[in-house]
Structures are given as C-alpha cells and as structure tokens.
Amino acid sequence: MAAAAAAAGLSWRRVPSSTGPVPRSRHGHRAVAIRELVIIFGGGNEGIADELHVYNTATNQWFLPAVRGDIPPGCAAHGFVCDGTRILVFGGMVEYGRYSNDLYELQASRWLWKKVKPQSPSVGSPPCPRLGHSFSLYGNKCYLFGGLANESEDSNNNIPRYLNDFYELELQHGSGVIGWSIPMTKGILPSPRESHTAIVYCRKDLGNPKMYIFGGMCGCRLNDLWELDIETMTWSRPETKGTVPLPRSLHTANVIGNKMYVFGGWVPQTVEDEISACDGEWKCTSSFSYLNLDTTEWIGLISDCQEDKKNLLPGPRAGHCAVAVGTRLYIWSGRDGYRKAWNNQVCCKDLWYLDTEKPSAPSQVQLIRATTNSFQVKWDEVPTVEGYLLQLNADSPAPMVTGGTVVPETALLSSQGIKLDLHSQTNHMVPNNVQVSSNSLLKLEAKENITEPENIVTQEATKKNHLDSRGFKESNAPSLLPACTLGPQTSANVAELRDLDIRTVNPDASVSSTQTMVTQQAVKTESSSTNGAVVKDETSLTTFSSKSEVAETTFIIPSTKVSTGQTNNLTVHLSKTTPLRQMATVKTRERQWYDVGIFKSSSALVSQYYLLPEEKSSISNKVENTDVPDYSLLKKQDLFPGTVYRFRVAAINGCGVGPFSKVNEFKTCIPGFPGAPSTVRITKSVDCIHLSWEPPVSPSGNILEYSAYLAIRTTQVHENPNQLVFMKIYCGLKTSCVVTAAQLSNAHVDYTSRPAIVFRISAKNERGYGPATQVRWLQEMKTSSSK
C-alpha cells in the first residue's frame, strides 16, 4: 500500500506523439543529455542501429543530425558518456558474437565524429573487446568496469567470460584522450558481471566522490551494491537500509540530486514472494526504486506486483535507456518480454518522463518594454517545466508628490519597445524563435560563431497569448535554443563582436537588495540630459545602479527584502525630505498578489491581471493542488499609466508549483515622453565601433536630441557597489555615433550575468528625456586551454 501511495504521487507522464523522424524501437541503446537535448545512439532490433538520434525535450521533436567524420559502426550495450558537449563511445557488440574495444569521440557542437586511440597502460594490456560494461565519467577521467567478453576467436562460437577488470581513461581538455591506466585499488574488487549500472556521486557538503555499482548478470542476476572511493581508490560494500531491489540486469540507474533512481530490467519470477532459482524463470519489470546516496537507504516507489491498468506508469522493460534532464527522468523504448521461455520479445515504442521534485525558482522577471498600460516581460527559462505562474501586485496609480510639488515626470522613467535589426551582416544575430532543423549545428560550446540578442521582442511575441484546453497560454516565442550554420566570413569578428543583450532601462523600477541614496549634498543632478541619473558635472560621468536605477529626486529609495511568503517584508529608511504622501505609498506595499496567468514560455505580454473572487484568499492555491484555475470566471483589471507593479514568477512541473522568484518592479509609462530608441546596431571597424539606432517607435513629438553613454571603469567609491558609472560619449540629432578605441579602453566589463560592455541610449523631446535603451555587448573572455 505504501508503494502504491508513493507511485500515485510520482506523476509519470507519457509523452504524446512527437514530430520529426522518430527512431525505431530497440534495446541495448544508450542515451546522454546535453542541456534540453537527449542524444541516443546504437541498440538493436532487427539489426544493430548505427544512427544518432536527438530528441529535443523542450519542443517534443526528434531530428537526425548530419554527422560527419569517422562515423562509428552501429553497436549495442556499449559505453556512452557525455563531457560538456563531447560524447565518448567505447566498445559494445557490433555484430552477434563480435565485440569492440574501439573508442570514438563526438563533438556535438559540430556533429563531428573522430576515432581516438588512447595510449596503452604502462603496465598491463588495454581493455579487451566487450559489451555490457559500465563507463562512468568524473572530472577528466572515465572509469571502465566489467562487462562480457567472448573467449572464442570465432564470433559464431560464443564462449562468454564475465569481467571485473577496472580501467581509468584520462581525457584531454576539450577534445581527445591521453590513455588507459590500471589504477591500484584497495579492498575487495566487485565480482565479475555485465549489464550492471555504475554512477558517480559526490556530496556537496563533504566527502570524496564515490562510484556505485549495482546489480548485473553473472550466470544469475545480482542485487549487490559496491562503492569505490575515487580519491583513495578503495572498494567497499556499504551497509544499506530499506528493502533492496530484486536482483536484476539490463536495468538503468540515474543520479538526480542525492538519489540514484533504478528502473526496470530483468528480475526473477517470484511465486508467493519466493524468488525462483538461478535457472528459473525471469521477467521484465517496471519496478522503480531509489537509493538515498547520503543515507544509503533504499526506498521503493513502484513494486514488481503493482499493476497499472490505466497505463499511468511505464510498462515493464529491460535494455531501455534512461537519462536525466535537469530534475526530470526520461525513459525510452527497451524490450518488454515477460518470460525467458517465451522467446518472443517486443520492443517498447513509448517515451515517458517523471519530474522528481518541484522546479527551482526562476530568475527575477525582466522588463523588455513598457507602454502606458502594458509590459512585455521575460525571465530565464527553467529546464523541464510545463509552465510558469506569473503574479503581480501594484501601487496606487496616484502621482508621487515631493514637498507639495509633483515630481518631474522625467524622474518617473519607464521603458518602451525595442526592435533589433536581425539583418545586419556584421552582427550575425539569431533570434530566440529560430527552430532547430535536422541538419542544424548544436549551439553549445560554439558560441564564438554567433551573437545572440538576449531580450528580443518580435512582433509575433507581442500578440495576445491565448489559453489552451489546460489553461496554459501558448507562447509565440518558442523556448528552443537558437542554432545556426555560419560560413567562413563570420569568423572575422569573433574576437571583437559578441552577443547583444538589449533592454530598456526603467530607473525607478528594479528592486535592489541594497540602499540607493541620492542627496543634493552628494551630487548635482541634471534632469535635462541624464534621464534622472546622477551626474558629476566636472567629469561628465553618470552613475546608475545596475540593480536599482536612480530617480532624480532628493529622497531615499527604499529597499525591498523579499520573503518566501505571499507578501513582502519591507525595510524602509526615510530622510528628512521624505514627504508624507510617499510614506503613505510605501506603507501600502504589503498587498495581495494577483495572478497574471499561467504561461508556457518564459515571456509574457501583461496588460491585465485577474481579480480574486471574494470567497478565495488566493486563486493560486488551486494551482498548487495541480488544479489549473478557470480564469474565464474571474474579472480582469487593466494596468494604469504611471503605476509601479511588482512581479514574481514560479515554475510548474508534474510535482506542482515551485518557489517564487525574487520580486522585481516596473512602472508603466507616463504619456508625453519619448520612447526608447529602437533597432540598435553595433558594427566593428579596425579601430572603433559604430553604434547606431532608429528613432523611438513612439516619439510623442519631435525628437530634439539623443544621448549615448558608455559604462566605464572607476576608482570612485559608491555607497552601492552595484552602481555603474557612465560616461556620455555622444549628444546630438544624429542616430549614430562612433565609439573610439580610446573610449573602449576605459570600458567597464559588467559581470552581473555574462561579461559585457554596457551602452545606454535615450531620446529627448519637448517634455524631456525618455527611457534609455541598454545594450550589453558580450565579450569573449580569454581562458586557459588546459585545466
């Protein structure tokens, strides 16, 4: 009963029909994950497969990459590990009775195969041909254990020999291998076996990395657990608690967090809980357990006798593949034969996944653009989630008053839309909504080939999202990683031109974890040309905070400390000049969070939010109980101009709603001021760069001038260490300027996310300066070629 209850809470999901060239079902194949991609190679079913198949978990698409180089022959029951974006294949069965000890490397960033020849051990022989071995990666070394060899030189006369030899393969950094070695180990070596599993785990808080070997086949199935301390090379048999899984082979084991999840395989046929003898009947199983690697306790999740008449659990199988993508476990194919005597095994065709824990909190909500009554926002994607719950709360739309006078609207800054020119031959940019095709290159380590705008708003992305049948909003901006193939002409600007991260700046909108103080005694302000920034007249420097932009007023902007609950705990420091009206506004910050909606992608167009029904304290309680709320029954509230809205977002997967992100706040625009300059371009010349832009989409009158700023290095001490200091590099009517090498030599490299040089551009009309467009020019960081 306990196992059934645990299984009921697992929420296995069968993946619906996918697109692309779905591989034929098989067993003996292997899989690894690179980000959201599952890469599958080999296996057998009516012949041994030699294709490389890739499944994109984010788009539910299969594709066949156009591989080249030393393409390996098809193999089954081989070693298959992933190191960054390279994959290593060792050994396996290449035809019946004939095994391999060849080693191949795949550079997945280019889909390039290469046969590699490691050096032989200084003492002893290199590994013999084998199948069913384990091949595990830790650091720059692979660990090979056991397997099955054929004693006969005649592949048709198969004389099995079970192995328990142990090898270490040292890898070169980036590509290639150095050689095999046979490490000296202490303790008793595990007994010979094949079709076992091996994983490597290292506790975050203490302890050495450990390799765990479980189960396998050696005449009969095994369920013993072995531990190797990789630092001391000592073998041991750890004591375990809980119910040990039945003896098995051809199962899978995957580490997620501090748990080793064991699924399926061949297990003995039991009769009234009595295990059959070694020569008795065996069956495939769908049993599912995990070993807590910190406490070495076994926990059973799905028992062997647990029937699934509703097809809510993966069926019994062996020789399948299992791979972890984030905290999600995927299982595909395998053979489903129940009894050895049948000799009639059919391979499964289904793909399943299981979320093992709630998703982590997303990043803070980021503003892409704002209008008088809407925001375009985004946040970083959380892998393997089904959607995102976006919430907001708001201040009163009443204007802020300082000393009885309305604050100049130039201080209440907001952001306008940006369009990025995707046709610039210099930038080689790829938008976020590029679809992966079967012959695309995997954009992983090969970042030097392209520049990628982080915050692009396409016209499609601004369309109204709609709810699907489950209440999720379909996104017009697919979350797929961009991929492209670039010609030789691209490499000319590799060292100079990097990704663009373009966003508009909303100076009084971001929540900072520190205080940002602006006083008349400390600095002089220049509202006519700095968009509310702090300016040192004598040095023409502009100081911005990278987290909490500064409005051009003489009061202290209060900080916000975000709690994990439904409301914010505020720490407010008020100066003598803080008006009573402002104090009243601050006191009303502890307000109810309202749902904006549930979104499938990591972006949203926000123009309304849902009001809570009177009988409910929070509609999101339904979501936490996996019951998607019916937003069609709720009233909507439009956003107001000139109003501060605070946002937070949480990810949703099969385990429920995860924790919310930190809070960020933005202000809707005030009518009359120009929007931010758009279509920003950066082109590289020999001794300078050219910065160009186009007028704001909404100028709200005649544009009188533009100002461009460059973030520079400074030795000045600021109260807020997150502040950026900007130097004005252009002011005039032209929509372009030249940034000289001398100016760039003083540029500050911002490391708040990826290393980048930061520019800001803003426009001025009769009312004053509008919001600035921020451009992050990503920089190539020089790293050592060896670790």
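**Strand β9 and its surroundings**

Reply: G97 has a positive phi near 80° and sits in the hairpin of β8 and β9, where 2 residues lie between the strands. The model is predicted: local features need pLDDT of at least 70, side-chain atom pairs count only at pLDDT 80 or more, and totals for chains, interfaces and linings use all residues. Residues are numbered from 1 along each chain as its sequence is written, and side-chain values use heavy atoms, with hydrogens and water left out.

Strands here are DSSP runs of E with at least two residues, numbered from the N terminus. Strand β8 covers residues 86–95 and pairs with β9 in the antiparallel sense over 8 bridges; two strands pair if DSSP finds at least two bridges between them. L88 has E105 as its bridge partner in β9.

Strand β9 (residues 98–107) is mostly covered, with 7 of its 10 residues buried. Buried means under 20% relative accessible area, exposed means over 50%, and partly exposed lies in between (1.4 Å probe, protein chains only). E105 is buried, at a relative accessible area of 1%. The side chain of E105 meets that of K114 in a salt bridge at 3.8 Å, N to O; the term stands for a side-chain nitrogen of Lys or Arg within 4 Å of a carboxyl oxygen of Asp or Glu. K114 is partly exposed, with a relative accessible area of 34%. Both residues belong to a network of salt bridges that links D83, R86, E105 and K114.

The structure holds 19 salt bridges. Among them is the one between K141 and E168, whose side chains meet at 3.3 Å, N to O. K141 is in strand β12 (residues 141–150) and E168 in strand β13 (residues 160–171), so this pair ties together parts that are 27 residues apart in sequence. K141 is partly exposed at 24% relative accessible area, whereas E168 counts as buried at 11%.

Another salt bridge joins R193 to D224, with the closest N and O atoms 2.7 Å apart. R193 lies in the loop between β14 (177–181) and β15 (197–201), and D224 in strand β17 (residues 221–229), so parts 31 residues apart in sequence are tied together. R193 is buried at 0% relative accessibility, and D224 is buried at 13%.

Positive phi values also turn up elsewhere. Most residues other than glycine have a negative phi. R35 has a phi near 55°; this residue is found in the loop between β2 (30–34) and β3 (37–41) and is partly exposed at 44% relative accessibility. T679 has a phi near 50°, but lies in strand β51 (residues 678–684) and is buried at 9%.

β19 pairs with strand β27 (residues 297–302) in the parallel sense over 2 bridges, and G242 stands opposite W298 in β27. The other sheet has 3 strands in the order β31-β32-β45, with antiparallel pairing. Its edge strands, β31 (366–370) and β45 (603–606), each pair on one side only. Between β31 and strand β32 (residues 375–378) there are 4 bridges, and R369 has Q376 as its bridge partner in β32.

One further buried site is L329, in strand β29 (residues 328–332), with a relative accessible area of 1%. Leaving aside residues up to four places away in sequence, L329 touches several residues, including W12, Y261, F288 and W352; contact means heavy atoms within 4.5 Å. The C-alpha atoms of L329 and Y261 are 8.9 Å apart, with 68 residues separating the two along the chain.
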